[in-house]
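The sequence and structure are shown first.

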Amino acid sequence: MTQATARGPKSARRHDREIVSLAVPAFGALVAEPLFVMADSAVVGHLGTPQLAGLGVAAALLTTAVSVFVFLAYATTAAVARRVGAGDLRAAIRQGMDGVWLALLIGAAVIAAVLPLAPALVGLFGASPTAAPHAVTYLRISSLGIPAMLVVLAATGVLRGLQDTRTPLYVAVGGFTLNTVLNVALVYGTGLGIAGSAWGTVIAQCAMAAVYLAVVVRGARRHGASLRPDAAGIRACAQAGVPLLVRTLSLRAVLMIATAVAARLGDASVAAHQIVLTLWSLLAFALDAIAIAGQAIIARYLGADDPAGARAVCRRMVQWGTVSGVVLGVLVVAARPLFIPLFTSDAAVRDALLPALLVVAVSQPVAGVVFVLDGVLMGAGDGPYLAWAMLVVLAVFAPAALLVPALGGGLTALWWAMTLMMAVRMITLWLRSRSGRWIVTGAVRA
């Protein structure tokens, strides 16, 4: 592909079709994932407040444990897509199998840690004496599904790398439906209570993992790829994932600091903060779907030794991120009279909530660029830079956030600090994208 062709209107339209075809199903799959917890909460909530509180603590621990290892999806997507771009589907699926084996090893280690430490972990979250036993029960049973959850992450990365985001959507919807049916049947039909909810979730997660494995194994057999664990390949997957793990932990630290600061501002502020954070996370799903498309497409172009195409896609992705951010920001402002009453009727919470929401709306174009460039650099396998950049962001955000209560600021000031965090991320990512150092072509990033 020539430079002129890469920049032409026909190329832009082709990129748009690729982005939409990958991003829309990816968004559906991303939204389906948190619905697991919502379904569990809806079923368990009718058992009583202690059970629901216990579920809340256990779900927070499980979500944290799994989200930390999201690099299994990100790193696998980039590695597989590079091989696809190079035209070597056999090596692509072999690379994906290494990610799946790594997921199983990590999952086994997490189970070994969680089962004996469940009471201590629940205690760290400050669960009440009435809620703690339910939290421990749910956590211990649900931890048995962690290997399946991690396999789902790795296998999702394989399919995204193969430019397939529809299968993950179908599996996610099927898993959510099965989880809901099993929860109702086991909680009420068999009288297992919160344990039934946990077992229903584990069974649904294992079923999802089984479907993914069937798809990947079928692809491996079709292209003659080995299914056996390869120590060197698994080690390479782990090494590629370490920088992304650092990035993810740094981002989690940002969110934890923000919540801790909000808690110091009073009950109304922390309640409003939780609502804003929920909305912010939903908006992030939409932007992350575009980033996922960017990961798969960029890696494929680099694997095909087409740096001009990669640059063209990067530019187009930034345009998509900016426009999407503007649209989401306008929607937040326009829809605020509709959704604020859905979350709270407390006047104090509403007073704290409204200005913070406006800050979130203003920051969405910045967030759009951040998510897209994050996806571009992940697709390029530029994990070490992402890790260092996120550590810089954390170093800037932490003192800014901690100064909010010290200087008498409120929730709005805290979310301006969150906007500062996103602005610093955008600057670090933009500088890297402009430098061109992320552009390393070939089936494997050297």
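The model is predicted, so local features need pLDDT of at least 70 and side-chain atom pairs count only at pLDDT 80 or more, while totals for chains, interfaces and linings use all residues. Residues are numbered from 1 along each chain as its sequence is written, and side-chain values use heavy atoms, with hydrogens and water left out.

**Packing of α4 and α5**

- Helix α4 spans residues 71–85 and helix α5 spans residues 89–124; helices are DSSP runs (H or I, at least four residues) numbered from the N terminus.
- The two pack at an angle of about 165°, with their axes 7 Å apart; axes are lines fitted to C-alpha atoms over the stretch in contact, and angles run from 0 to 180 degrees between N-to-C directions.
- α4 is therefore roughly antiparallel to α5, a term for angles over 145 degrees.
- The crossing of α4 past α5 is right-handed (the near helix is turned clockwise from the far one by less than a right angle).
- On the α4 side the contact is made by F71, L72, T76, A79, V80, R83 and V84, where contact means heavy atoms within 4.5 Å.
- On the α5 side, the partners are L89, A91, A92, Q95, G96, G99, L102, A103 and I106.
- By class, this contact has 11 nonpolar, four polar and one charged residues (Ala, Val, Leu, Ile, Met, Phe, Trp, Tyr, Cys and Pro are nonpolar; Asp, Glu, Lys and Arg are charged; the others, Gly among them, are polar).

**Second largest cavity**

- The structure holds four cavities of 30 Å³ or more; a cavity is a set of points on a 1 Å grid over the protein atoms alone where a 1.4 Å probe fits but cannot get out.
- The second largest cavity contains about 50 Å³ of space, a volume being the space filled by probe spheres set on the points.
- Its lining, meaning residues with an atom within 4 Å of a point, is R247, D374, L386, A389, M390, V393, R425, T428 and L429.
- Two or more of these residues come from each of α14 (383–406) and α15 (411–435), and α14 supplies the largest share, four residues.
- The lining has five nonpolar, one polar and three charged residues.

**Second largest pocket**

- The second largest pocket has a volume of about 510 Å³; a pocket is an open set with protein on both sides within 12 Å along at least five of seven lines.
- Of its 30 lining residues, A75, A79, A240, G381 and R445 are the closest to the centre.
- α4 gives the most to this lining, with nine residues.
- The lining has 20 nonpolar, six polar and four charged residues.

Definitions and conventions:
Angles under 35 degrees count as roughly parallel, over 145 as roughly antiparallel, 65 to 115 as roughly perpendicular and the rest as oblique.
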